[in-house]
Amino acid sequence: MLLKELSSLTSPLSEPQLSKLQLALNDLSPTQTAWVSGYLAGISQASGGQVQAQGAVSQPAQRVTILFGSQTGNAKGVAEELYQQAQAQGIAARLVNMADYKAKELKTESHLLIVASTNGEGEAPDDAVTFHDFLASKKAPKVPELKYSVCALGDSSYEFYCQTGLEFDERLAALGAEAVVDRADCDVDYDDVVAAWSEQALAAVKATLKEATTSAAPIAAVASNHVANSYTKKKPFKTELLVNQKITGRFSGKDIRHVEIALEDAGISYQAGDALGIWFKNDPVLVDAILDQLELDGTETVTVANETENLRDALINRFELTQSYPSFIQAYAELSGSKKLAKLLDDKAALRNYCYGRQILDVIDEKKAKLTATQLISGLRKITPRLYSIASSPNEAEGEVHLTVAVVDYQQSGEQRIGGASGFLQRLEEGAEIEVFVEHNDNFRLPSNDETPVIMIGPGTGIAPFRAFVQERDVREATGNNWLFFGNQHFTDDFLYQTEWQSYLKSGLLTKMDVAFSRDQAEKVYVQDRLRENATELYTWLEQGAHVYVCGDGDRMAKDVNEALIEIVAEQGKLARSEAEEYVAELRRNKRYQRDVY
Ligand SMILES: Cc1cc2nc3c(=O)[nH]c(=O)nc-3n(C[C@H](O)[C@H](O)[C@H](O)COP(=O)(O)OP(=O)(O)OC[C@H]3O[C@@H](n4cnc5c(N)ncnc54)[C@H](O)[C@@H]3O)c2cc1C
Ligand SMILES: Cc1cc2nc3c(=O)[nH]c(=O)nc-3n(C[C@H](O)[C@H](O)[C@H](O)COP(=O)(O)O)c2cc1C
């Protein structure tokens, strides 16, 4: 029954309640309405909603909840596909982002499928932290009736591989739940493992749901923080590279590029804080060097994903060549009989160190081997797109998206090595075709209140989202103060978007900007040093409700900045270390301290 046909006589709502509901729903698109209906169904189930409104569709006693925790969209994509498969099979299912999941709902679940990635150093994605912490706490209920399975996404080159998924799995088991299918640990190249797990997990859910369900009309409740774009990682948008401009100076040690890409008429929406995914092709020069080394000529035919093509094309388009990874080391150790590589496989830390800074070519350089084309590709991982923080506001750069890309360029055994995606962007000419998709990030957003002050800390390419933030604050005519910290090697060659910042400072939009050029003086200076120098003012801003954003290098910078923040809070707030840590943790919980680090 449509809302407009409802009256207080035919529904349990009073007239004022009905008109409030009608008012709230008036502006919603069909997709948003579907989301809200699912959300309300979830709430009703969670509160044990036994009472059925007259005329309302009856809810099944049991259903599967697909719960995802995702930082950069992969687990979300997997969960969305799983949900569609469940629907196609007539399984009563709902899809919920962990950020929207009420802990008390757990007790009401009959079947739970978790898809979760690992972030940081073995940490849960931002959206999953609250539920993860709850599950680990004493407050988590025993759930002996629950049937579950976990799909863990990760990257085997990290020390804590698939740690978050593993923790969800272990904790649910400890709470008495029954794993209907073993956990799947999925590496970067996860499609096949995910497909197998999804099939098994849904089959197990279906089998056990049937036994318990009396009126199993499927319900569909989608909970996600935004309306999905029609272009995704798997279905990217083919568009044009508009601008590809080096923005570091002639004498800079880095090649950093300002890239503009057309989005006109794509129907793609993005917000400041989102990232853009880029599909890339490997450099044919690199591919030829690998073929030479293995004495393959590239015309051999190979079959990849049911398509037959020549080896050279497959290497250019389909496989990761600019990184090395444990699965290839293992395959090549066996095929070549290299003792050095075989030994590395016994020592995870040594293997990680070895992989860093080595490409596939460097691994096959270790020992000559005669491989067939099929043997070669069987050890290689499929290419995965790279993400770049969007450096423009859609309201300023209409129909375009801008990026700030540092070309990965280093030496290995005296030879130059270039990154896969950043090298592709370096080579790509303006006007050329490029495949992209938007990855939303609701954990890196400007405050909704435009009066709120913001502190942005973005050295190197970490500056990218802050260009988007400042443009957005400008367009919105936000009155809140804006303070930007930027750092790089040299003032003259590495001051990214210098003139833009200068004009924002002049117009007053940027209240303050502090820069740290690390190599312009004998002593190295970094953004965290500038934070400490400004401790008193920084603390005042925090006490006034400022939101803090950090973007860029996650290995060192983000940790050093975090440490500086804790020290500043302790010193200025006259707090013990543990209290200062809690102050900063509280900022994070309240989404006043957000990070986009890589
Ligand atoms: C959410 C998010 C946002 C991001 N935003 C940006 C952004 O705005 N701008 C940006 O430039 N990047 C950004 N990145 C990083 C980006 O996604 C890529 O990881 C980066 O461009 C490298 O990809 P690549 O394909 O060029 O290099 P790859 O082919 O992936 O090569 C990387 C490998 O090269 C080796 N390597 C790299 N540097 C060195 C070195 N100095 N010495 C020795 N070995 C080295 C390491 O083995 C490393 O694993 C972001 C990442 C994420 C997850
Ligand atoms: C900054 C960063 C840190 C990561 N840390 C880990 C880790 O500690 N362990 C792991 O297995 N994978 C780690 N990964 C890999 C991700 O889990 C993997 O890319 C996954 O597919 C991401 O899924 P998501 O997009 O749903 O977040 C990390 C990735 C990034 C970008």
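In this predicted model, a polar side-chain atom of Thr72 sits 2.5 Å from an oxygen atom of ligand 2. A polar backbone atom of Ala75 lies 2.7 Å from an oxygen atom of the ligand. A polar backbone atom of Gly120 lies 2.7 Å from a nitrogen atom of ligand 2. On its own, ligand 2 has 650 Å² of accessible area, and the protein covers 89% of that area.

The shell around ligand 2 comprises 20 residues. Ser70, Gln71, Thr72, Ala75 and Thr118 are the closest. By residue class, the shell holds 11 polar residues, seven nonpolar residues and two charged residues.

The protein around this site has 598 residues. Of these, 50% count as buried, that is, under 20% relative accessible area. The secondary structure consists of 21 helices and 22 strands. Contacts were also sorted by sequence separation. Among contacts with a separation of 6 or more, 77% join residues 24 or more positions apart.

Methods:
Residues are numbered from 1 along each chain as its sequence is written. Chains are lettered from A and ligands numbered from 1 in the order in which they are written. This is a predicted model: local features need pLDDT of at least 70, side-chain atom pairs count only at pLDDT 80 or more; totals for chains, interfaces and linings use all residues. Side-chain values use heavy atoms; hydrogens and water are left out. A residue is near a molecule or strand if one of its heavy atoms lies within 4 Å of it. A polar contact is a pair of N or O atoms within 3.5 Å; within protein, one must be able to donate a hydrogen and the other to accept it, and residues adjacent in sequence count only if both atoms are side-chain atoms. Accessible areas come from the Shrake-Rupley method with a 1.4 Å probe; for residues, only the protein chains shown count as cover. Ala, Val, Leu, Ile, Met, Phe, Trp, Tyr, Cys and Pro count as nonpolar, Asp, Glu, Lys and Arg as charged, and the others, Gly among them, as polar. Helices (H or I, at least four residues) and strands (E, at least two) are DSSP runs, numbered from the N terminus. Buried means under 20% relative accessible area, exposed over 50%, partly exposed in between (1.4 Å probe, protein chains only). Contact means heavy atoms within 4.5 Å.
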